[in-house]
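Subject: Structure handover

Hello,

Here is the structure I promised you. Please open it and keep it beside this email.

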Amino acid sequence: MKQFRPLFRSTVNYWLIVSMGAIITLLVWKYLYQQSPMRDNQIVVEYETEDSPTSDTLHINYANATELSRFGLRPNVIVNILKYRDTGGSIKDEDHLLKIRGIDTALVREKGNLIAYNRPLSVKRQYYEPKERFREPRQHYKPSRRISLYYTSEDSLAALGIKRQIIDSIVAYRRRYIMNGSITLDSLLEMAPTNFAQAMSGHISPRKNWERDTTKQKREEKRIYVNVNTATEKELCEIVGIGEKTARQIIERRAKLGGFVDKRQLAEIKYIDSARYAQIEEQVYVSTASIRRLKINEATKEEVLGHPYMRKELGRQLLRLRYRHKKLSRDMVIQELNDTHHDQWLLEYLEF
């Protein structure tokens, strides 16, 4: 037990262990109760004498107010009887009962044989026997089949046994109206062709000839080709698939890089995924004439390391080579680059 003492030093641990023990005890009790054969049993009582009391017998000294009222006694008499019993009194016989104030003498004479003055018969023994479970037979409801008048084909309607005149009416309604909801097959089979229009009045609404919105279609047909290095935010928003947020991101990225050397660089922007890039790929192009390049032999350390595509290790290595050789050449930089897109694009931003 000494090894468990540290667990009880903390109040939190103590109550946690007590709670877990209570939960486990409750689960075990519930399992044992469900497995017990006494769970669905009822108590059967046998009395000492053969004359077991009937349900109409009134034990005047032990009955409650409801039983007294059910026997036929008036409320004021019931109050007097209860007060008398609460003070310790006991009604011994019929003469004693007739002395209660307000008692109905005729009722007592008529039902006197049903009034018991002694203690109820004691229980001889109790035992358990299974309850009789009365379960109502499960009723299998056959739901009424509902069919959609708008989507069900003519052949399917004919196969269901619907009259041909009603099918022709349904087809005519489809062309002129919108068929809302559905209708039961039973009511449709019993429906007369002359009553079909009246029955369908709540299932149809007029069909409106909406004018086609051609603004989006015109925008898609008007394919423009934009130079992302010189386009303004408004011009970028005219591209299908680019909104205001995406246009701002493109301009900010363009300012950091000094321009785009390849339109695949647009895929690096936050709001442009592979699906959106495939949508705008054919609408943009890149012109490298306006690109702002970094003069690698004249730039400061902060300018070299601050370029978005310049890795720290690569930038420091180029600065060491420039210090050693006084001047960097294109071939010297190519030897330090990797085969990644970033390193190849970085080469396009360098000026020697």
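The model is predicted, so local features need pLDDT of at least 70 and side-chain atom pairs count only at pLDDT 80 or more, while totals for chains, interfaces and linings use all residues. Residues are numbered from 1 along each chain as its sequence is written, and side-chain values use heavy atoms, with hydrogens and water left out.

Salt bridges

Side chains of opposite charge can pair when their charged atoms come close. A salt bridge here is a side-chain nitrogen of Lys or Arg within 4 Å of a carboxyl oxygen of Asp or Glu. The whole structure has eight.

E154, R164 and D168 form a network of them. E154 pairs with R164, with the closest N and O atoms 3.3 Å apart. R164 also meets D168, at 3.4 Å from N to O. R164 and D168 both sit in helix α8, four residues apart. Helices are DSSP runs (H or I, at least four residues), numbered from the N terminus.

R311 pairs with D343 at 2.9 Å. This pair links distant parts of the chain, 32 residues apart. Buried or exposed: which is D343? D343 is buried, because its relative accessibility is 1%. Buried means under 20% relative accessible area, exposed over 50%, and partly exposed in between (1.4 Å probe, protein chains only). R311 is partly exposed at 31%.

Elsewhere

K326 is exposed, at 68%. K326 has a positive phi of about 70°, although it is not a glycine.

Best wishes

Notes
Helix = DSSP H or I, 4+ residues; strand = E, 2+ residues; numbered from the N terminus.
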